[in-house]
Amino acid sequence: AVSFNPRPVTRGEYARFVSAHQRSPALCRERASLLRVLAPKDWRAPGFDQTEAEPVVCVSIADAEAYAQWYSQTTGRRYRLPTAEEAQRMPDSSGRALSMWSADCGRNCQQRQVGGSSWRSRSEQRPLSAARGYDDVGFRLVRER
């Protein structure tokens, strides 16, 4: 059995993890433009203002999985990314519409499924490259009991 985290992981929570591990930020998907070279985006600067209480975006699946492992060690309980099926049962978050990473592979495991529509995409399920972050994708954790 699992219990669902009622909200996505926040920027503030993710910042504590990055501080503890000095983790390099993932590249964040952007539209083709010169600005991506001059001002690359990452979780600290996704291209729009965010508070520490808002969901972290621009993190790769590896970042999300590393956070889950760190959070599990920190709390002494086992946390992981939800499967796509579990994610469908999770309550929607408030604020900017975001898709959420899931543990399920996309067309292959170089891609992962994200669930839920976002401010960029109306698709309920879509495969995205697992190697980069996206400014419209966050993540939640489930706790195994």
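The side chains of R112 and E65 meet in a polar contact of 3.0 Å (N or O atoms within 3.5 Å; within protein, one must be able to donate a hydrogen and the other to accept it, and residues adjacent in sequence count only if both atoms are side-chain atoms). The model here is predicted, so to speak on its own terms: local features need pLDDT of at least 70, side-chain atom pairs count only at pLDDT 80 or more, and totals for chains, interfaces and linings use all residues. Residues are numbered from 1 along each chain as its sequence is written, and side-chain values use heavy atoms, with hydrogens and water left out.

Back to R112, which sits in strand β5, residues 111-115 (helices, H or I of at least four residues, and strands, E of at least two, are DSSP runs numbered from the N terminus). With a relative accessible area of 13%, R112 is buried (buried means under 20% relative accessible area, exposed over 50%, and partly exposed in between, using a 1.4 Å probe and protein chains only). A polar atom of its side chain also lies 3.4 Å from the backbone oxygen of A103. Leaving out residues up to four places away in sequence, R112 touches I61, E65, W101, S102, A103, D104, C105, G106, R126, P127, L128 and A130 (contact means heavy atoms within 4.5 Å).

Strand β5 belongs to an open sheet of four strands, ordered β6-β5-β4-β8, with mixed pairing (two strands pair if DSSP finds at least two bridges between them). At the edges are β6 (125-129) and β8 (137-138), each of which pairs on one side only. Strands β4 (residues 99-105) and β5 run antiparallel and are joined by three bridges.

Next come the disulfides, of which a search of the whole structure turns up two (a disulfide is a pair of cysteine sulfur atoms within 2.5 Å). One of them joins C28 to C58, at 2.1 Å from S to S. The angle about that S-S bond is -55 degrees, and the link of C28 and C58 is left-handed. It spans distant parts of the chain: C28 is in strand β2 (residues 28-29) and C58 in the loop between α2 (35-38) and α3, 30 residues apart. C28 counts as buried at 6% relative accessibility, and C58 does too, at 0%.

C105 and C109 make up another disulfide, with their sulfur atoms 1.8 Å apart. Here the link is right-handed, with 85 degrees about the S-S bond. Both ends are partly exposed: C105 has a relative accessible area of 29%, and C109 has 49%. With the bonded cysteines of the protein chain numbered in sequence order, the pairing reads 1-2, 3-4.

As for the rings, the count comes to 12 aromatic pairs (rings of Phe, Tyr and Trp, the last by its six-membered ring, pair if their centres lie within 6.5 Å; planes under 30 degrees apart count as stacked, over 60 as edge-to-face and the rest as tilted). F17 and Y67 have ring centres 5.6 Å apart and planes at 80 degrees, so that pair is edge-to-face. F17 lies in helix α1 (residues 11-21) and Y67 in helix α3 (residues 61-75), so the pair ties together parts that are 50 residues apart in sequence. Both F17 and Y67 are buried.

F17 also pairs with W70, this time in a tilted arrangement, with 5.6 Å from centre to centre and 50 degrees between the planes. Again distant parts of the chain are linked, as F17 is in helix α1 and W70 in helix α3, 53 residues apart. W70 is buried, like F17. These rings are part of one aromatic cluster formed by Y14, F17, W43, Y67, W70, Y71, Y79 and F139.

Helix α3 also holds A64, which is buried with a relative accessible area of 0%. Setting aside neighbours within four places in sequence, A64 is in contact with L81 and F139. A64 and G138 are 74 residues apart in sequence, yet their C-alpha atoms are 8.6 Å apart in space.
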